[in-house]
Amino acid sequence: MALSKEENETITRVGPGTPAGEMLRRYWQPIGFVNELQDKPKGKRILGEDVVLFRDENGRFGVLARRCMHRGTSLEFGHIENGGLRCCYHGWLYDVEGRVLETPSEPPESTFKERVRQPSYKVQELGGVIFVYMGPEPAPLLPRYDVLAREDGKRALRARIINCNYFQMIENSVDQNHLKWLHRTATTPTWDEGEINPQAFEHGVLNTYTRRAADGNRWAHVNYFVMPTMNKTGNVEEGHPTEHGASSSCEVMRWRVPMDDTRTIHYTVEFGAIVDGKISGTIMTDRSAEGVQETKPGVYRWDESIGWFGREDQDRAAQESQGPIFDRTTEHLGYTDRGVILLRRLYKESIEAVQQGRDPLGVIRDPEKNKLIRLVPHEDLLD
């Protein structure tokens, strides 16, 4: 059944005070990469808010409201010096927590700087990714997902802008039926057995299905959608168990973080374990030092070898062509849309939980459950 206009507004609007926006602020969200921060701050837009991301001279990361509280000049043009970020206009100096360290030209005896504070958010780094928490205290734990926390391999990081609402992208994560059709020009095993069976699990939605390769071997593909915007994929081949049940190829996590209602940043982290001196599987080139790649709506890379758009742009073409914010009052859902229906239900329940003063699905507060979060396929999925 299609959503009503009100239901569609509830899940797609992300600004402060909106139902989905308040729920999304209960999680740690990626906001940038360590490698993109050199000696200058970076202006960022996330969940409908303009902020500035920087690293001070002592290596501490900070996220502040972008406009200086003195006269409103953007702090992205500021200078990193004297233990903080100095506004370029009148020299007000802020530390990573928004405290005012200096207010030049104020009388020496003035206590003005002790009575004001620049809005700021909590920041942590893991696996080369910088995360921000924009919700109320107490903040939950930053999840220690294996792809971010493991130290026995190499990572490749990249990010780009997708020109549509974030929910179109995360629906794609739980709609695994699209792989057979949207990506059919890619080299993949045949789709001759089993059905995709979406199920709820403690962090979100789990999709599992099997494929048979040209040589007859069967392998299981598992897609974990983790609330609120991340998914992880993994494979396991019949007769080829790997350590801890992990795929022998690289492992991939993807976050779809709303900049605002009509633009989304797609963060990707690939991890390949080093085994006998070699990286297991193939990881793409680390582009984290380049920051976020800009894209133009309707402009997609053509791949002559397959006679259609390149693999990375296939999803973007499908999602952006739904419109900046897809009107779900016009859709007609079928049997294969069970994952989409389940996702919407989990979002509705998580939004209601926040409105009732409870944590949404998947928020972690117990350190014992956060030592290392492994989301990996196991060979028994092929039974």
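The model is predicted, so local features need pLDDT of at least 70 and side-chain atom pairs count only at pLDDT 80 or more, while totals for chains, interfaces and linings use all residues. Residues are numbered from 1 along each chain as its sequence is written, and side-chain values use heavy atoms, with hydrogens and water left out.

Helices (H or I, at least four residues) and strands (E, at least two) are DSSP runs numbered from the N terminus.

Next come the neighbours of S17. Two strands pair if DSSP finds at least two bridges between them. Strand S11 (residues 153-162) runs antiparallel to S17 and is joined to it by 10 bridges; in one of these contacts, Ile 161 has Ile 265 of S17 as its bridge partner. Strand S16 (residues 251-258) is also antiparallel to S17, with eight bridges, and Glu 251 has Phe 271 of S17 as its bridge partner. A hairpin of five residues leads from S16 to S17. Strand S18 (residues 278-279) pairs with S17 in the antiparallel sense over two bridges, and Ile 274 stands opposite Ile 279 in S18. The hairpin of S17 and S18 has two residues between the strands, and Asp 276 takes a positive phi near 55 degrees there.

The aromatic rings come next, with 11 aromatic pairs in the structure. Rings of Phe, Tyr and Trp (its six-membered ring) pair if their centres lie within 6.5 Å; planes under 30 degrees apart count as stacked, over 60 as edge-to-face and the rest as tilted. The ring centres of Tyr 166 and Phe 167 are 5.7 Å apart and their planes stand at 85 degrees, so this pair is edge-to-face. Tyr 166 and Phe 167 are both buried. Trp 302 and Phe 309 also make an edge-to-face pair, at 5.6 Å centre to centre and 85 degrees between the planes. Trp 302 counts as partly exposed because its relative accessibility is 42%. Together with Tyr 300 and Trp 308, Trp 302 and Phe 309 form one aromatic cluster.

Methods:
Buried means under 20% relative accessible area, exposed over 50%, partly exposed in between (1.4 Å probe, protein chains only).
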